[in-house]
Amino acid sequence: MAQTIEISDHITVGTLAEQLTMPVSRLITELMKNGVMATVNERIDFDTAQIIIDELGMDVELVKQEAAQKIIPKTKKVYEDLEKTTSRPPVVAVMGHVDHGKTSLLDAIRGAKVAESEAGGITQHITAYQVEHNNRAITFLDTPGHEAFAAIREHGAHLTDIVVIVIAADDGVKPQTSEAIRFARKAGSKIIVAINKIDKAGADQNKIKQQLSDDNLLIEEWGGDIVVVPVSAKTKDGIDNLLDMILLVSDVEDLRAENDLPATGLIIESHTQKGRGPVAHALVENGTMKRGDYIVAGSTYAKIRNLETPDGKVILTATPSTPVVITGFKTLPEFGDEFETVENERLARSKAQDKSDERQSGSGRSALDSTDLIKMINRSNKLTTFDVVIKADVQGSLTSVSDSLKALATDEVAVRVVGSGVGVVNENDIHLAHTTDAVIYAFNIEVPANIRRLANRDKVVIREYKVIYELIDNAKEELTRLLTPDIVETELAKMKVKGIFNTTKTAIICGGEITKGKLSLPATARITRGKEKVGEAEVTNLKKGAQDVNEVNEGEMCGISLKTDKKLELLENDSIEFLRRETVERKL
């Protein structure tokens, strides 16, 4: 029975050797055998540790320690002094299966036309904005439905008080619908189900209600607590009722926050913008944000230069549950970073530096990263990599593209991300792709003309995509081409050798009777004597009597010419099996 050892995401070589009760010198030697120079204090990641253990032939299974989630599920905060709090707008995430009408529903709510502008008609970013209903504000988050954006959808669920699950009335509950329900439960959010497209032929609300019960969601009319609202984004039927239900649920939850505090919240998206630098979309969860405040988000900080609503309106302050756009960051904050307001720039710089140091010493990319180590260890096993540089418009998209490409890996082929970043393709990207022989994937970004010229000069391939599944399909095609094709053998016929007419070092002419099947060219001959395999040869000619033919049927006599790479001894009564070998492309 394998020994089980529990470790965190990263561990030093010395600590791992101690856990394995083996000399650290032996572990270092094994790393060196695989082309990695390591020291006793070098940090390696979880996957690398398991690879080395396997290489050592040890019967040890590593188990990853449960780490604290980056985003803590929402819990209802209890305030000691309610007089210091005020009611806040609900934060609502709209989630569900791709193409079930999430963005169209939100368009109907705010009178926008976002779905038409999204590439491929699917949401590819997490977006946030506020609407008013009955003189009350509601903050909405739109999350992508495509499977590649699972991390963004989970992120959206954790941000929210209420999750509206959108289900197409003519399609029903789908895998991403069930996934959205799991995310909402995990985040502790209240759930409202919006059955969309009720105006379409084939709409079946009762079927969906039954499917929901199969997912352990019992609707109110069946004795449960899940509110179901039929709607049509096209005709706008049921929209007001949906908004009423959202406000009713928020009233029952009694959502509150303290305004008179320094602002805290989460970064929900970030990107770079020409002329503005790093731009972050954030959600204020508590306190009040003001233009000019110093905020820290992960390993970067900002003095807020511009504070805007998502539609570009300049504001001076932002209260709880308000989505905002912030400029003034020194570097790009990461998707999912928590932010806090601090007193001055010195404190902001210090906190950001502390977080940067923590990331570098903890979960930062190690010199002994498993991606590189796998390539070295498996070189003899013919692992082939497709090297790429990924550039994307925003952090969330970059994460989704990278994770989706890495998930395509098999034992034979894998995508290796040699570089990535947010923003336009630049000279450094071209240089990196040139030196690593990598392809650049540019997702949802423009490629400047001077960079195109540089790429052409250095023969660097840049592939531009607006829709993520098209990018993933291209990577699949590349990996498919790297797969070694299967060789398929088809048995054509069998023959018993009756006579040997001519033999040279590389050729044989013989004759016999086809005892099974039909022999046709081209063909390979496999010669056996009893149970012993004598060798193989290529059939170059086929005769019936004095006439050249292309095929011979069962029961007929024929003569054949064989071409061999080396001298082959053929005797009367030997058996010849005729085969046709074809290469068949494999698919991922």
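This is a predicted model: local features need pLDDT of at least 70, side-chain atom pairs count only at pLDDT 80 or more; totals for chains, interfaces and linings use all residues.
Three bridges join strand 13 (residues 264-273) to strand 20 (residues 338-342), and these two strands run antiparallel. Residues are numbered from 1 along each chain as its sequence is written, and side-chain values use heavy atoms, with hydrogens and water left out.

Helices (H or I, at least four residues) and strands (E, at least two) are DSSP runs, numbered from the N terminus. Two strands pair if DSSP finds at least two bridges between them. Strands of a sheet pair through backbone hydrogen bonds, either parallel or antiparallel.

Angles here run from 0 to 180 degrees between N-to-C directions, and axes are lines fitted to C-alpha atoms, for helices over the stretch in contact.

Now for a sheet that is open: four strands in the order 22-21-23-24, with parallel pairing. Its edge strands are strand 22 (413-422) and strand 24, each of which pairs on one side only. On average, neighbouring strands of this sheet are turned by 25° against each other, direction ignored.

Let's look at strand 23 (residues 439-443), which five bridges join to strand 21 (residues 384-392), the two running parallel. Strand 23 also pairs with strand 24 in the parallel sense, over four bridges. Here are some residues that face each other across these strands:

| Residue | Opposite residue | Strand of the opposite residue |
|---|---|---|
| Val388 | Val439 | strand 23 |
| Tyr441 | Arg463 | strand 24 |

Is strand 23 buried or exposed? Five of its five residues are buried (under 20% relative accessible area, while exposed means over 50% and partly exposed lies in between, with a 1.4 Å probe and protein chains only). So strand 23 is largely enclosed by the rest of the structure. Both of its faces are covered: Val439, Tyr441 and Phe443 are buried on one side, and Ile440 and Ala442 are buried on the other.

**Helices across the sheet**

Helix 12 lies across strand 21, strand 22 and strand 23, and runs at about 170° to strand 21. Helix 15 lies across strand 21, strand 22, strand 23 and strand 24, at about 160° to strand 21.

These helices also pack against each other. Helix 12 (residues 395-406) and helix 15 (residues 468-482) meet at an angle of about 30°, with their axes 10 Å apart. That makes helix 12 roughly parallel to helix 15 (angles under 35 degrees count as roughly parallel, over 145 as roughly antiparallel, 65 to 115 as roughly perpendicular and the rest as oblique). Helix 12 passes helix 15 in a right-handed crossing, meaning that the near helix is turned clockwise from the far one by less than a right angle.

Which residues make the contact (heavy atoms within 4.5 Å)? Helix 12 brings Ser400, Val401, Ser404 and Leu405, while helix 15 brings Ile468, Leu471, Ile472 and Ala475. They divide into six nonpolar, two polar and no charged. In this count, Ala, Val, Leu, Ile, Met, Phe, Trp, Tyr, Cys and Pro are nonpolar, Asp, Glu, Lys and Arg are charged, and the others, Gly among them, are polar.

**Another covered strand**

Strand 10 (residues 190-196) is mostly covered, with six of its seven residues buried. Seven bridges join strand 9 (residues 162-168) to strand 10, and the two run parallel. Ile165, for example, has Val193 of strand 10 as its bridge partner.

Asn134 lies in the loop between strand 7 (127-133) and strand 8 (136-142). Its phi is near 55°, a positive value in a residue other than glycine, and Asn134 is exposed, with a relative accessible area of 55%.

Lys459 sits in the loop between helix 14 (449-458) and strand 24 (462-465). Phi of Lys459 is near 55°, again positive in a residue other than glycine, and at 74% relative accessibility Lys459 counts as exposed.

Finally, Pro522 lies in the loop between strand 27 (519-520) and strand 28 (523-529). A cis peptide bond joins Leu521 and Pro522, with omega about -5°.

Technical notes
Contact means heavy atoms within 4.5 Å.
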